[in-house]
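Here is a protein to explore together, one region at a time. Have a look at the structure first, and then follow the notes below.

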Amino acid sequence: MIRTAVSAVWHPFTQMATCLDVPEVVRGEGAMLYLKDGRSVIDCISSWWVNLHGHGHPAIAGAIAAQASTLEHVIFAGFTHEPAERLAHELVSILPSKLKRVFFSDNGSTSVEVAIKMAYQYWQQVGQPERQIIIGFDGGYHGDTLGAMSAGGSSTFWDPFRDLMFPIEVLPFPETWQGDETVEQKEKACLEKLGLILEKNCGRVAAIIIEPLVQGAAGMRMCRPQFLKSLSQICDQANILLIFDEVMTGFGRTGDLFACLKAGIEPDLVCLSKGLTGGFVPMSVTVAAEKIFAAFLGDTTSSAFLHGHSYTANPIGCAAALSSLQLLQEKSSYLAAMEALHKEKFEMYLGDIADINKVRFCGTIMAFEIATTENTGYFNNIGPILKKEFLAQGLLLRPLGNVVYLMLPYCVDNGLLDKVYADMAAVVRKVTNKTDWV
Ligand SMILES: *Cc1c(COP(=O)(O)O)cnc(C)c1O
């Protein structure tokens, strides 16, 4: 309790009553974080999935310093600046060609709010105001603001706020893993349910929102590209907007630059944040298809998209993002090789641990579950035990319930990857050999 008494800070996603020992980080370099008490830890989750090239990367730090002394910020309504123009141009050139217009905001949640509001107003602008229903997925996570919470409606985090949220239709997410023999059934069941929803609400569905290929917060739950293809075809046929929330999957996580590219799909709206600036400053974008942008053109202000934030398109954020994108260009072979490398390391270090199941890989992401007799999910007891043991071993890892995953920055080389796997395996062996905690 002493710590909470001396600190004025209220931490996110944290029960402050029991959070008595918060390590203080004084410096970061590459994959390493250095703590005030002299310890160092390997950042195995890219600091909540934001860091791409390692901490303190000199190129991004330099770009930020140069931009800060040139133009730190300017109002973005009625004014523009080169970093924003260049960044928008670059993003449009690497995304699927259907996505043409870049709307800036500040974080993943707001990029989702923007996408939902654009989709909702779009149907009013094109004379189909009855299209109001949003369809989301079981386990979907799109952020913590009210609209983003609503889109991720099935999470138990939101229980206190239920009455404030707009209702959505929820589809089962056809999660899969290595050796899963039921994946086709799960996909079929999902698409059948979608068919029923569309039948019942003919002409009233506005959009479907999904985290493509990997649901992050739900526990790195992965689906197949084939499934996304079918989903996208149905959206085309039924004239429904498809929103890809790539806040986590963007910028290389899935092995390709974006999940939509990996799956070969052109959604109508894409949300990007987390890795956008390489993990240096908060920024996000919602990238829209031309038809959505065009629907907001007209003679009156009221038909415009009346949304904005004080720091929209902050030039320092844009400069960081441009620098990060440049670094990312040199990483394509690294990113393409990571999935096979993770499979190899998993087999080598963890392949023989009996209490591990549902092993899955997608690009730079590796995840597995610890067999447990309890309910799985975020509130599973083993998560906090593992987290503490990992930290004692020098690893920053935050299991999602009984799901352990790696999401490393792209500066991690083969040698460090071996160390991460060896240390992780040591902890998993120790914890799963004890049975008294279940
Ligand atoms: C983290 C996350 C968000 C929310 O982003 P914030 O920057 O935390 O608001 C939205 N969608 C997905 C898929 C995420 O992983």
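S46 is found in helix α2; helices here are DSSP runs of H or I with at least four residues, strands are E runs of at least two, and both are numbered from the N terminus. This is a predicted model, in which local features need pLDDT of at least 70, side-chain atom pairs count only at pLDDT 80 or more, and totals for chains, interfaces and linings use all residues. Residues are numbered from 1 along each chain as its sequence is written, and side-chain values use heavy atoms, with hydrogens and water left out.

- Most residues other than glycine have a negative phi.
- S46 is not a glycine, yet its phi is positive, at about 50 degrees.
- S46 has a relative accessible area of 0%, so it is buried (buried means under 20% relative accessible area, exposed over 50%, and partly exposed in between, with a 1.4 Å probe and protein chains only).
- F13 also has a positive phi, near 50 degrees, and sits in the loop between α1 (2–6) and β1.
- With a relative accessible area of 38%, F13 is partly exposed.

**Around the ligand**

- A polar side-chain atom of N107 is 3.3 Å from an oxygen atom of the ligand, and a polar backbone atom of G108 lies 2.8 Å from an oxygen atom of the ligand.
- D245 has a polar side-chain atom 2.6 Å from a nitrogen atom of the ligand.
- Taken alone, the ligand exposes 380 Å², and the protein buries 84% of that (accessible areas come from the Shrake-Rupley method with a 1.4 Å probe; for residues, only the protein chains shown count as cover).
- H142, from the loop between β5 (133–137) and α6 (146–151), is buried, with 3% relative accessibility.
- The side chains of H142 and D245 make a polar contact at 2.7 Å. A polar contact is a pair of N or O atoms within 3.5 Å; within protein, one must be able to donate a hydrogen and the other to accept it, and residues adjacent in sequence count only if both atoms are side-chain atoms.

**Strands and their partners**

- Strands of a sheet pair through backbone hydrogen bonds, either parallel or antiparallel.
- Four strands form an open sheet with mixed pairing, in the order β1-β2-β3-β15; two strands pair if DSSP finds at least two bridges between them.
- β1 (25–29) and β15 (395–396) are the edge strands, each pairing on one side only.
- β3 (residues 40–43) pairs with β15 in the parallel sense over two bridges, and D43 stands opposite L396 there.
- β11 (residues 269–272) is covered on both faces, with L269 and C271 buried on one side and V270 and L272 buried on the other.
- β10 (residues 241–245) runs parallel to β11, and three bridges join them; the partner of I243 in β11 is L269.
- On pairing with β12 (residues 284–289), β11 uses the antiparallel sense over four bridges, with L272 opposite V285.

**An enclosed strand**

- Is β14 (residues 365–370) largely enclosed or open? Six of its six residues are buried, so β14 is largely enclosed by the rest of the structure.
- Five bridges join β14 to β13 (residues 356–362) in an antiparallel pair, and these two strands form a hairpin with two residues between them.
- In the turn, G363 has a positive phi of about 60 degrees.
- β14 and β16 (residues 403–407) are also antiparallel, joined by five bridges, with I365 opposite M407.

**A helix with two faces**

- I382, G383, L386 and F390 are the buried residues of helix α13 (residues 382–392).
- P384, K388 and A392 are exposed, on the face turned away from the buried side of α13.
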